[in-house]
Amino acid sequence: MPTRRRPLVRVLIGVLAGVLVLCGGGVAAVTWTLVRTTDTVGEVDFVRPLAVPPLAQSRLDDQGRRVFDLLARDGRRDFRGDGRLTRTAGFDGDFLGPTLRAKRGEQVRVNVVNKLGEETNVHWHGMHLPARMDGGPHQLVRPGATWSPTWRVDQPAATLWYHPHPHGATEEQVYRGLAGMFILDDDREAALPLPRSYGVDDVPVIVQDRSFSRSGQFSKSRNVIASIGALGDTVLVNGTVGPYLDVRTERVRLRLLNASTARTYDFGLSDDRSFALIGTDGGLLARTARLTRVRLSPGERAEIVVDVRPGERVTLRSTPPDLGIGGLARRSAGGADRFDVLQLRAAGTLTPSPPVPDALVPVDRLDPAAAATTRRLEFQGRDINGRSMRMDRIDFAATRDTTEVWEVVNSDGTPHNFHVHDVQFQLLSVDGAAPPPEMGGWKDTIYLPPHQPMRIVLRFTDHSDPNLPYMFHCHLLWHEDSGMMGQFVVVDPGQAPGRPPAHGGHAEHD
Ligand code: C2O
Ligand code: CU
């Protein structure tokens, strides 16, 4: 009997295998088209002058504080000049917001007015300040209300930024356009021969990707496979589609900010010339690094100085970023995409710029041997250490005036990144190796390649509050909104952590 059955079994197996191969092939083909890559190199018409966010007006009040007003509101904008108005939101305008600027040592106060039809708040990304001024999920501003945080700027010159942070709605609000730059100045930076004429040779470059629906609305369609959030096919710089910048000096400083909700870029110049990397998230580097590419995941910044020759055109471009993953996962996470971002148009005659110095500013190295605690934070799924964000749960307490070492690891096969509030940290190692120069300075956000543990050292100073937490989270905003966030408090020595107030997070006055 078995001898008779065998051919039949073989035929059945053959048919089954054929069906599987066909289905598999079909699924693979469908999948492949679902994760189509985007390549805009050579396709972008650079027809619009780059919009430069205005510097926010400020005034000194009777206590000597520098006071800004920031009004969040809905807007509309025709991004592509085809008459289709996109529904947007912005600060003091239709899209994005003015650049706030303050000097180390100044006391600032920002009146945040909410004219949106929903709750919002403003977080000062990268700023060292008391938790109740931080603009995290516990400082919500009701529609029509005003929230006026005030703090003393006490950290090095840096390119910071601001954006809403209402738990569960951050992606949506940032996507609509609520974000802006916050530049800090100090004497050390001012003493260096660096380009610093705002909007002339020192230019904000806020990069965001968007997709548009047929009617011209932002369409935040999420790739089902990627599960990292929405990736757009059109790049906006400071809200400009197809931007060019007229350069009139031999060197131009670009303050790159990845304000995208999910996409990671690898920025460089179209002819692969090198540029000077002078600063990262939390300030200037100790030494200038000559690079040809700098990778920025959502929330990260880099200050670069680019040399141009008279009369030339060169393009800031993003080439496929190394996400530490391969195959379909890489493609679906934008790891194969290329974008032409911003065209630099050099004038026929350029004003001389001094060379960028090799030595920039002294950077104190934090001492991991002095760490009071070592913590491990594991990013997986939408959880950190197996837990989803809860507004009423403090995950841990750090003690003021102590140093800690955190080992942060992405245990998924997909991208995540890591951001912590209140402090700038230093990277000790990437998967056991010394960090490259672009990751060696002050950072508040880092990309987490899967299965490559990042050891960082942080020091908590000045501000403590046992009840009001700071956040740490994935800055892929859809992940953050879905719960990939935790809360820590900074306590005084010997003090026990309390609990977040049960006020529903409202912190404003009318
Ligand atoms: Cu840029 Cu917690 O955020
Ligand atoms: Cu994530």
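I looked up Phe396 and Phe488 in this predicted model: both are buried (under 20% relative accessible area, 1.4 Å probe, protein chains only). Their ring centres lie 5.7 Å apart with the planes at 15°, so I logged the pair as stacked (rings of Phe, Tyr and Trp, the last by its six-membered ring, pair with centres within 6.5 Å; planes under 30 degrees apart are stacked, over 60 edge-to-face, the rest tilted). Phe396 is in strand β26 (residues 396–399) and Phe488 in strand β33 (residues 485–491), so the pair ties together parts 92 residues apart in sequence (strands are DSSP runs of E, at least two residues, numbered from the N terminus).

I then checked Phe460 against Phe488: centres 5.6 Å apart, planes at 65°, so this pair is edge-to-face. Phe460 lies in strand β31 (residues 454–460), so its pair with Phe488 in strand β33 joins parts 28 residues apart in sequence. A ring-pair cluster includes Phe379, Trp406 and Tyr470.

Next I looked up the copper ion (ligand 2). His416 (ND1), Cys474 (SG) and His479 (ND1) coordinate the copper ion at 2.0 to 2.1 Å (donors are N, O and S atoms within 2.8 Å of the metal, 3.2 Å for Na, K and Ca; water is not among the atoms, so sites may look incomplete). The donor spacing in sequence is H-x57-C-x4-H. Cys474 is buried at 0% relative accessible area, and His479 is buried at 0% relative accessibility.

On conventions, I number residues from 1 along each chain as its sequence is written, with chains lettered from A and ligands numbered from 1 in the order written. Local features need pLDDT of at least 70 and side-chain atom pairs 80 or more, while totals for chains, interfaces and linings use all residues; side-chain values use heavy atoms, without hydrogens and water.

Definitions and conventions: Buried < 20%, exposed > 50% of the residue type's maximum accessible area, 1.4 Å probe, protein only. Helix = DSSP H or I, 4+ residues; strand = E, 2+ residues; numbered from the N terminus.
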